[in-house]
Amino acid sequence: MFSRTLWTIAGLVTWGMGCSLGSSSTDLKLENPRDSDTSPQTDTEAPTDTQDTEAPTDTSATVDTAPPDPPPVNLLANPGFEQADTSWNIWGGAQRVETTAQEGTWSIRATNHNGAEQLVEGLSPNTRYRLSGWGKTEGDTPMSIGVKFHGHNQERVLFTDSEYTENSFSFTTGFANTSAIVYAYKPGGDAAGYADNLSLTYESESNYVLAWSDEFNGTGAVDPNKWAFEEGFVRNEELQWYQAENAFQESGYLVIEGRTESRPNPNYAPGSTDWRTSRSTIEHTSSSIRTKDLFEWQYGRIVVRAKVTNLLGTWPAIWTLGTDCSWPSNGEVDIMENYQGNILANFAWGTNTPWTPNWDSSHWAVSDFEEGWADDFHTWEMDWTEENMTILLDGRVLNTVSLSDTINGSAECEGQNPFKQPHYLLLNLALGGGAGGSVENLAFPTRYLVDYVRIYQ
Ligand SMILES: [Ca+2]
Ligand SMILES: [Ca+2]
Ligand SMILES: [Ca+2]
């Protein structure tokens, strides 16, 4: 959220074929397969003691005679490649082949950086699934099966044997995900690898539970038990004077409104060299609300649905700061920044030089998203474990950082990890300044909307 003149392009993330960032996820909710078996088992035996008109108190007599659970439903179409249909996108030189099947007649054969992908829709968000399958390789390089675009970094298992073996792993869908792409892929080497008999099944509910949220379904001022305000001219020589009035609830949303106003700067000091006090007047106002001292959390997953401005002169953000040490050694996570036509997702921590962070940044041009993208609400998530932090947009990974890399330098709090301490959340709309750009052609008032904030742990 602090200005800088350079960013690095992460370049780590490639979005797969036919998967545009803005594709809206369908809201189909897959029935939990086990839910279909919830009818209670009735005891059809007549009671042996017909004298007793009291309801039986000994319920141990009704032994659970329920049959075993049915086998889990495989959510994949054509899981053994037996049909020559379109359920699998077989690409890059991979092909269905006969005579090397683990089951049936057909399997998938992949060589160097190719394979098969299947889009699975109708998944439930925040739910654990298990992917299993069989694979083998004819060379030194492994075959793999995996999942991606499910709301986390992609995950996969490898097959290194020359004979078919089975392997599996479970994964959790993100809060914004009702779909995923399952794949069989050979990550390198020219020798052939094979996969067959894949299975994607429901495993369990996620163990994430809601720890804190604001749905912004009230009217008027934001909840003072959840939010506090930054006041005045705060950072980056931005134009806006932050004040409480510009943040309010309306129609189920938090509205942060950038306005034109003109009034004296109460802190004006003629001759001052500090930009906060050298300005004689306030020309624009906005709000920055934060949970500092009200709610701070460490590890978990935050989900924020918001509609950005994407207008020159504006800089809306969803971000966090650590509670101990001063910036940047306290750690900063920019879950969302939107300025100069870009969406940014950044991590920052301390170096050997005061006020000079290490940035792990990524930026994405809104013009590369689907048309009208900025006119819609979108969902940002930040997944935070002891090992890493990952920022997602509509279930797609934008940036990730390993916490083994985020150790402060000597400037302050040396050797400490600013992402292994509680953080608080900030939502704000900045105007002007080096990042936001000129407000000359900006129509006021301008609104940044947030539908909800949900934090799970
Ligand atoms: Ca097969
Ligand atoms: Ca990164
Ligand atoms: Ca709402």
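Val304 touches Ile318, Ile335, Trp380, Val450 and Val453, once residues up to four places away in sequence are set aside. In this predicted model, Val304 belongs to the largest nonpolar core, which holds 59 residues.

**Nonpolar cores**
- Within the core of 59 residues, the members that touch the most other members are Leu254, Val304, Ala306, Ile318, Ile335, Leu427 and Val450.
- In soluble globular proteins, nonpolar side chains tend to be buried together.

**The open sheet**
- Five strands form an open sheet in the order β2-β3-β10-β5-β8, and their pairing is antiparallel.
- At the edges stand β2 (95-98) and β8 (165-172), and because each has a single partner strand, one side of each is left without a neighbour in the sheet.
- From one strand to the next, the twist averages 40°.
- Inside this order, β3 pairs with β10 (residues 193-205) in the antiparallel sense over three bridges, and Ile108 stands opposite Ala195 in β10.

**Thr111 and its surroundings**
- Thr111 lies in the loop between β3 (106-110) and β4 (114-121).
- Thr111 counts as buried because 20 other C-beta atoms lie within 10 Å.
- Apart from neighbours within four places in sequence, Thr111 is in contact with Gly93, Lys186, Asp190 and Ala192.
- Although Thr111 and Gly139 are 28 residues apart in sequence, their C-alpha atoms are 9.9 Å apart in space.

How values were computed
Residues are numbered from 1 along each chain as its sequence is written. Chains are lettered from A and ligands numbered from 1 in the order in which they are written. This is a predicted model: local features need pLDDT of at least 70, side-chain atom pairs count only at pLDDT 80 or more; totals for chains, interfaces and linings use all residues. A nonpolar core is a set of buried Ala, Val, Leu, Ile, Met, Phe, Trp, Tyr and Cys residues joined through C-beta atoms within 7 Å. A residue is buried if 20 or more other C-beta atoms lie within 10 Å of its own, exposed if 12 or fewer, and partly exposed in between; C-beta atoms are placed from the backbone. Two residues are in contact if their C-beta atoms, placed from the backbone, lie within 7 Å. Helices (H or I, at least four residues) and strands (E, at least two) are DSSP runs, numbered from the N terminus. Two strands pair if DSSP finds at least two bridges between them. Axes are lines fitted to C-alpha atoms, for helices over the stretch in contact, and angles run from 0 to 180 degrees between N-to-C directions.
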